[in-house]
Amino acid sequence: MALNILKLCVGCSSPEELEAWIDFTLEDKKRRGAPAEQYHTTRMIPKRVEELTDGGSLYWVMKGGITCRQRLLDVRPFRDSEGVNRCHLVLDPVVVRTEWVPRRPFQGWRYLSPEDVPADVGASGTGELPDSLRRELAELGLL
């Protein structure tokens, strides 16, 4: 069964901003002749790699709630130029909107078990609402 990761998305306040950043980064890599793949670098290396890469996703927390996800393709540990062990979480560049679920800030990343995973937008039969409206309705207990 797939396992997921939960992480704060620092620097982006909406899935649209994340998509724009991914597009910019991939274009920049193509211009420089680097492999055009999207990844997130983290210091802590997951131990449950097989479960993560067996259909797992990285769920992003933005503005106090889970808003979207990206499918995890690979986990690549490496040592940086200062000798610190780090990891590239290789991601599918497609950002999938999820139902908004409130989350408090935390450092690093956390495993997200399958029972705690929010549904993709539209998967529960609801139409797609703007993030701000979904957040407000969820805070009122209406979603």
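**Ground rules**

I number residues from 1 along each chain as its sequence is written, and I use heavy atoms for side-chain values, leaving out hydrogens and water. Because the model is predicted, I need pLDDT of at least 70 for local features and pLDDT 80 or more for side-chain atom pairs, while totals for chains, interfaces and linings use all residues.

**Entry: cysteines**

I looked for disulfides first. A disulfide is a covalent bond between the sulfur atoms of two cysteines. My rule asks for a pair of cysteine sulfur atoms within 2.5 Å. The count by this rule is zero. I then checked Cys-12, which is in no disulfide. Its nearest cysteine sulfur belongs to Cys-9 and is 4.3 Å away. Is Cys-12 buried or exposed? I find Cys-12 buried, at a relative accessible area of 13%. (Buried means under 20% relative accessible area, exposed over 50%, and partly exposed in between, with a 1.4 Å probe and protein chains only.) Cys-68 is in no disulfide either. For Cys-68 the nearest cysteine sulfur is again that of Cys-9, at 6.5 Å. Cys-68 is buried, with a relative accessible area of 0%.

**Entry: salt bridges**

Side chains of opposite charge can pair when their charged atoms come close. I count a salt bridge when a side-chain nitrogen of Lys or Arg lies within 4 Å of a carboxyl oxygen of Asp or Glu. How many salt bridges are in the whole structure? My search finds eleven.

**Entry: a pair within a helix**

I looked up Arg-32 and Asp-28. Their side chains form a salt bridge, 3.0 Å from N to O. Both residues lie in helix H1 (residues 15–32), four residues apart, which is about one turn of the helix. (Helices, H or I with at least four residues, and strands, E with at least two, are DSSP runs numbered from the N terminus.) Arg-32 is exposed at 56% relative accessible area. Asp-28 is partly exposed at 25%.

**Entry: Arg-76 and its partners**

Where do Glu-37 and Arg-76 lie in the chain? I place Glu-37 in the loop between H1 and strand S2 (38–42), and Arg-76 in strand S4 (residues 65–79). They are 39 residues apart, so I note a link between distant parts of the chain. The closest N and O atoms of this salt bridge are 2.5 Å apart. Glu-37 is partly exposed at 24% relative accessibility, and Arg-76 is partly exposed at 33%. Arg-76 also forms a salt bridge with Asp-74, with closest N and O atoms 3.1 Å apart. Asp-74 is partly exposed, at 28%.

**Entry: a network**

I also noted Glu-16, Glu-19 and Arg-97, which salt bridges with shared partners join into one network.
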